[in-house]
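Me: Hi! I'm new to this one and would like a friendly tour. Could you show it to me?

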Amino acid sequence: SGGLERCHAAQVEFTRLLTSAANCIGQTEKKLVYVADAVAICLAINHGKESVTLLKQLFQDRVAFFITLGATSVVALEVARCNQHDIEAAFCHASGVFCDAGHTWYLAHWLRKSGARELIMRLVAAGGLYSGSSAGAILAGAHLRTMDLWPPASWSDEEVDGEEWDPRPEKNPFAVPSAFVGFGFISGGRSLIPHCNCRPQRATGVKAR
């Protein structure tokens, strides 16, 4: 969960927002859904078979961390590996969702394909909390092409080219026009650029295309 783990003020604000969301939608418990798809694919690419063990440990660590921030229960899942019933059960009576860091395109693809995107939209429309780190934060904005402002990284390498979840039509002939569309939770049609300190001169005032 990136900066949230390193910043006490952010932790306090997260606790406040999750409590406020639970009150807003009338939930007595502060249930949080933790979505790990973005980081899961990065673990798989970089660590192969070891990624299974690493992901299990990540689930345990994230659940424990969010419990310390006031969540009364945390459901950790990869929507890419869950059926629709399990995903709907995870979001039932939830007060918020946290989408972790990792591969933005992979996360966006599987949220859309699994139906989790629609569940998140409904949750936020009802007053629930959407939160995320890096890839998860980008999805909160209007557009995902803010990734173009970053220096080359692992998600721009050849292993991405032409994959089912590659949204670039020049690389994937089956890419859908809506692949680069974010949730649009930020007012003014703005998009997010996490880690913008790497290129501050280009990050200023950028909006969705």
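Reply: Ring pairs join Phe14, Tyr34, Phe59, Phe65, Phe66 and Phe98 into a cluster. This is a predicted model, where local features need pLDDT of at least 70, side-chain atom pairs count only at pLDDT 80 or more, and totals for chains, interfaces and linings use all residues. Residues are numbered from 1 along each chain as its sequence is written, and side-chain values use heavy atoms, with hydrogens and water left out.

Me: How many aromatic pairs does the structure hold?
Reply: There are 12. Rings of Phe, Tyr and Trp (its six-membered ring) pair if their centres lie within 6.5 Å; planes under 30 degrees apart are stacked, over 60 edge-to-face, and the rest tilted.

Me: What kind of pair do Phe66 and Phe98 make?
Reply: A tilted one, because the planes are at 50°, with the centres 5.0 Å apart. Phe66 is in helix α4 and Phe98 in strand β3, 32 residues apart. Helices (H or I, at least four residues) and strands (E, at least two) are DSSP runs, numbered from the N terminus.

Me: Is Phe66 buried or exposed?
Reply: Buried, at 0% relative accessibility. Phe98 is buried too, at 2%. Buried means under 20% relative accessible area, exposed over 50%, partly exposed in between (1.4 Å probe, protein chains only).

Me: And what about the rings of Tyr106 and Trp165?
Reply: Their planes are at 85°, so that pair is edge-to-face, with centres 5.2 Å apart. Both residues, Tyr106 and Trp165, are buried.

Me: New topic: what comes just after α3?
Reply: Gly48, which takes a positive phi of about 60°.
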